[in-house]
Amino acid sequence: MARSTAAPTDVNEGTESILGRGTRVRGRVRGDGDLRIEGFVEGDVAISGDVTIEEGASVKGDVQGTTVTLCGELHGDATARGAVVVRAGAKVSGNLGGSEVSLEEGASFEGRIEAELDLPPELMR
Amino acid sequence: MGQTIIGQGLTIEGEITSEEEVMVAGTVRGRLSSDGAVIIDAGAVVEADVSAGSLSVGGTVTGNVSASDRVDLLTGGRLVGDVKTARITIQDGASFKGNVDMDV
């Protein structure tokens, strides 16, 4: 099948998902590909790709990804197989874990940083 | 205005509410409501009640749907559930099981 008609916008084969500014999710978000969060999420996020929490976005829950980039608000833990980056202006309360963790000047952070983690090989269920 | 795209590999279980267009190419279970258009792409699986401004179904939807403007069932689309909307089109090759309430 896979004959998409009438859809005005194209989705590139599920590589990136976007939860836009006007969108609110209460529940679990998981799966493959990258995810950009611009809106509000209450619940855990576990993605095999890169996760970005944009400025103005807010997440209450734990976030897992290959890399996690935080520009907005996070109440919960961020765990990455690669880097966790907390950008200037971000507000994070929770623990950060990854192969690299960086905090930019101007970010606010409350929690623990665990840079050496024995992550299970399967982040995803 | 922004846009929300639930990509092919993504699964959301829970409640999604949006003020903007929502395009689903992945999987949604629970509830999905948007003030704008909701587009269910071919290959998408939605097991949820959907309410939207307009709804177009190219994938699989199981649940009751309502749209203030219109519902379009596209070729290859599959909808099992009741529909409440002002206008509806069902294209050749779409599957549909349920009741239609056009509020007449």
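Modeller: Gladly! Let's begin where A:Val68 stands opposite A:Val84 in strand S12 of chain A. Strands here are DSSP runs of E with at least two residues, helices are runs of H or I with at least four, and both are numbered from the N terminus. Please keep in mind that this is a predicted model, in which local features need pLDDT of at least 70 and side-chain atom pairs count only at pLDDT 80 or more, while totals for chains, interfaces and linings use all residues. Residues are numbered from 1 along each chain as its sequence is written, with chains lettered from A and ligands numbered from 1 in the order in which they are written.

Three bridges connect S9(A), residues 68-70, with S12(A), residues 83-86, and the two run parallel. Two strands count as paired once DSSP finds at least two bridges between them. S12(A) also pairs in the parallel sense with S15(A), residues 100-103, through four bridges. There, A:Ala83 has A:Glu100 as its bridge partner.

Contact means C-beta atoms, placed from the backbone, within 7 Å of each other. Residues up to four places away in sequence aside, A:Leu70 touches A:Ile53, A:Ala78, A:Val85, A:Val86, A:Arg87, A:Ala90 and A:Val92. A:Leu70 is also one of the members that touch the most others in the 58-residue largest nonpolar core, along with A:Val45, B:Val24, B:Val38, B:Val46 and B:Val50. Such a core is a set of buried Ala, Val, Leu, Ile, Met, Phe, Trp, Tyr and Cys residues joined through C-beta atoms within 7 Å. Strand S6 of chain B, residues 45-57, contributes the most to this core, six residues.

That takes us into chain B, where B:Ala48 lies in S6(B). A residue is buried when 20 or more other C-beta atoms lie within 10 Å of its own, exposed with 12 or fewer, and partly exposed in between; the C-beta atoms are placed from the backbone. B:Ala48 has 25 other C-beta atoms within 10 Å, so it is buried. Beyond four places in sequence, its contacts are B:Val28, B:Arg29, B:Gly30, B:Arg31, B:Leu32 and B:Gly63. Another spot to look at is B:Val65, in S8(B), residues 65-73. B:Val65 counts as buried because it has 24 C-beta neighbours inside 10 Å. Its contacts outside four places in sequence are B:Val50, B:Leu55, B:Val71, B:Gly81 and B:Val83.

Next, the place where the chains meet. S2(A), residues 23-31, and S2(B) pair in the antiparallel sense over nine bridges, with A:Gly31 opposite B:Leu10. Altogether, 34 residues of chain B are in contact with 33 residues of chain A. On the chain B side, the elements that give two or more residues are S1(B), 3-6, and S2(B), 10-18. S2(B) supplies the largest share, nine residues. That side divides into eleven nonpolar, 17 polar and six charged residues. Here Ala, Val, Leu, Ile, Met, Phe, Trp, Tyr, Cys and Pro are nonpolar, Asp, Glu, Lys and Arg are charged, and the others, Gly among them, are polar.

Buried residues form 43% of the 125 residues in chain A and 47% of the 104 in chain B. Of the contacts in chain A between residues at least 6 apart in sequence, 5% join residues at least 24 apart. The C-alpha trace of chain B spans about 35 × 25 × 20 Å along its principal axes.

A last word on confidence, which the predictor gives for each residue as pLDDT, from 0 to 100. Chain A averages 87, and 82% of its residues score at least 70. Over residues 1-14 of chain A, however, pLDDT stays under 50, although the model has 34 contacts beyond four places in sequence for them. Where pLDDT is low, predicted coordinates should not be read in detail.

Key
Two residues are in contact if their C-beta atoms, placed from the backbone, lie within 7 Å.
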